[in-house]
Protein chains: 2
Amino acid sequence: MEIKVVRQILEWNENCHEELQKEFNEKKILMLNIMGSPGAGKTTFLTRIIEALRDEYKIGVIEGDIAGKIDAERIANMGIPVVQLNTDGACHIEAMSIKNILPNFDLKDLDILVVENIGNLVCPAEFDIGEDLKIALLSVPEGDDKVEKYPLMFSRADALVISKYDMKDYFSFDEDRVIGNTLNMNKDAKVFKVNSSKAQGIDKVCEWIKSYIKR
Amino acid sequence: MEIKVVRQILEWNENCHEELQKEFNEKKILMLNIMGSPGAGKTTFLTRIIEALRDEYKIGVIEGDIAGKIDAERIANMGIPVVQLNTDGACHIEAMSIKNILPNFDLKDLDILVVENIGNLVCPAEFDIGEDLKIALLSVPEGDDKVEKYPLMFSRADALVISKYDMKDYFSFDEDRVIGNTLNMNKDAKVFKVNSSKAQGIDKVCEWIKSYIKR
């Protein structure tokens, strides 16, 4: 299958986030920005969200990666429109790149656009890219001190998703510490616990996402 | 225990890496730069290295974190000289910050200086900070596609350390893919497999480190 691969563009436009939000509101597209460390389970989580919502909603995906198109291939194999954005080394996605990619989608036919950001707990947290909701994944194997060490990501997230939750017995992971530290900074954050490999906990995330659908 | 906390400085000096290397060579200090994703197990790995080498060598540590001093406390509790470098949001450590911190150590008494970089598979790979050896950790739960997705880190590492190796049975992790992809880009990279929680595999890493000791 031919997958469209686009490179990150370097122009800077401070207002691009707001421009994109305006466009997504006009076109009634819900835009989700999924973030987390390398290996937090973002792509598997996304495939489960797609499986649960695809019968009801039209979904498009932008896969951000430094290099390669491994993740876009997974999404394309599901028959979902996807564009691979390669940042060629850059550590985050910028709004201008999203704007640049939009013509690859049939926007009037889309209900949800999901961006899977670069695997990085630091830089993507600083950049708004037109999203309605920021979803931050933290996987159990990463450890329970990550909210304290990477506060910006979790202070800005609309939802904290604790992923690989089935691994809780194999790692020392105090979920109260993680959730407490998140809510201390960010009292409105939603908290979900998922095991994407078995689609556990995905229903609650989808219920929450559906409450933001625009049409 | 009082822990020295230093902030990242913002000056830029292109030659600082070479200046630091020269100083570490003159003072016969081996400098290690430990990198990897958030939760790859860098700090636990470092505590095991310290335990194995501390009777023979004088070790100092610079702990890099966006915020907080959780890791520096762990090292300080071992009775090892440590400085916490807080980058206040920045995604990597720069050589100038290392230079700025050095006066906090008794350099003429040091054999090994270890820098634990910010948890990030992207940005730290781009910045030389005076090190003799770059050590890149990849933990089994992160998945076996990370070398392809974050090639710079693994192409520049002197050693690839596959950490949390005891978790191999619980995750789908093809180590041949990881090692093959690393060696394809970086044929001289050493490969180690460790389970830091039980100090397994640490002896081989230490043997390799010892071969670079300068005095």
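Two residues are in contact if their C-beta atoms, placed from the backbone, lie within 7 Å. The exercises below use this cut-off on a predicted model.

**Exercise 1. The two chains**

Task: Find how chain A is related to chain B, and through which surface the copies meet.

Solution. 
1. Take the contacts between them. On chain A there are 30 residues in contact with 30 residues of chain B.
2. Helix H5 (146–149) and helix H6 (151–156) of chain A are the elements that give two or more residues to the side of chain A that touches chain B. H5(A) gives the largest share, three residues.
3. Sort by class. The side of chain A that touches chain B has 15 nonpolar, eight polar and seven charged residues.
4. Compare the two sides. Of the interface residues of chain A, 100% are also interface residues in chain B, so the copies meet through the same surface.

**Exercise 2. The sheet of chain B**

Task: Give the strand order of the open sheet in chain B and say which strands stand at its edges.

Solution. 
1. Read off the order. The open sheet has eight strands, arranged E1-E4-E3-E5-E2-E6-E7-E8 in chain B, with parallel pairing.
2. Look at the two ends. Strand E1 (4–7) and strand E8 (190–193) of chain B each have a single partner strand, so one side of each is left without a neighbour in the sheet.
3. E1(B) pairs with strand E4 (residues 82–86) of chain B in the parallel sense over four bridges. There, Lys4(B) stands opposite Val83(B).

**Exercise 3. Strand E2 of chain B**

Task: Are the residues of strand E2 of chain B buried or exposed, and which way do they point?

Solution. 
1. Count the covered residues. In strand E2 (residues 30–36) of chain B, seven of its seven residues are buried.
2. Separate the two directions. Leu30(B), Leu32(B), Ile34(B) and Gly36(B) point one way, while Met31(B), Asn33(B) and Met35(B) point the other way.
3. Relate this to strands in general. In a regular strand the side chains alternate between the two faces of the sheet.
4. Find the partners. Five bridges join E2(B) to strand E5 (residues 112–116) of chain B in parallel, with Met31(B) opposite Leu113(B). Five bridges also join E2(B) to strand E6 (residues 133–139) of chain B, again in parallel, with Met35(B) opposite Ala136(B).

**Exercise 4. The nonpolar core**

Task: Which members of the largest nonpolar core touch the most other members?

Solution. 
1. Start from the whole set. The largest nonpolar core has 123 residues, and Ala136(A), Val161(A), Ala136(B) and Val161(B) touch the most other members.
2. Take Ala136(B) as a case. Leaving out residues up to four places away in sequence, Ala136(B) touches Met35(B), Gly36(B), Met153(B), Phe154(B), Ala157(B), Leu160(B) and Val161(B).
3. In soluble globular proteins, nonpolar side chains tend to be buried together.

**Exercise 5. Cys16 of chain B**

Task: Where is Cys16(B) placed, and is Cys16(B) buried or exposed?

Solution. 
1. Locate the element. Cys16(B) lies in helix H1 (residues 16–26) of chain B.
2. Apply the cut-off. A residue is buried if 20 or more other C-beta atoms lie within 10 Å of its own. Cys16(B) has 20 such atoms, so Cys16(B) is buried.
3. List contacts. Not counting residues up to four places away in sequence, Cys16(B) touches Ala95(B), Met96(B) and Lys99(B).
4. Check one distance. Cys16(B) and Ala95(B) are 79 residues apart in sequence, and 5.8 Å apart in space from C-alpha to C-alpha.

**Exercise 6. Strand E5 of chain A**

Task: Which strands does E5(A) pair with?

Solution. 
1. Check the cover. Five of the five residues of E5(A) are buried.
2. Follow the bridges. E5(A) pairs with E2(A) in the parallel sense over five bridges, where Leu32(A) has Val114(A) as bridge partner. Five bridges join E3(A) to E5(A), also in parallel, and Gly60(A) has Leu113(A) as bridge partner there.

Methods: Residues are numbered from 1 along each chain as its sequence is written. Chains are lettered from A and ligands numbered from 1 in the order in which they are written. This is a predicted model: local features need pLDDT of at least 70, side-chain atom pairs count only at pLDDT 80 or more; totals for chains, interfaces and linings use all residues. A nonpolar core is a set of buried Ala, Val, Leu, Ile, Met, Phe, Trp, Tyr and Cys residues joined through C-beta atoms within 7 Å. A residue is buried if 20 or more other C-beta atoms lie within 10 Å of its own, exposed if 12 or fewer, and partly exposed in between; C-beta atoms are placed from the backbone. Two strands pair if DSSP finds at least two bridges between them. Copies are superposed by least squares on the C-alpha atoms of residues with pLDDT of at least 70 in both. Ala, Val, Leu, Ile, Met, Phe, Trp, Tyr, Cys and Pro count as nonpolar, Asp, Glu, Lys and Arg as charged, and the others, Gly among them, as polar.
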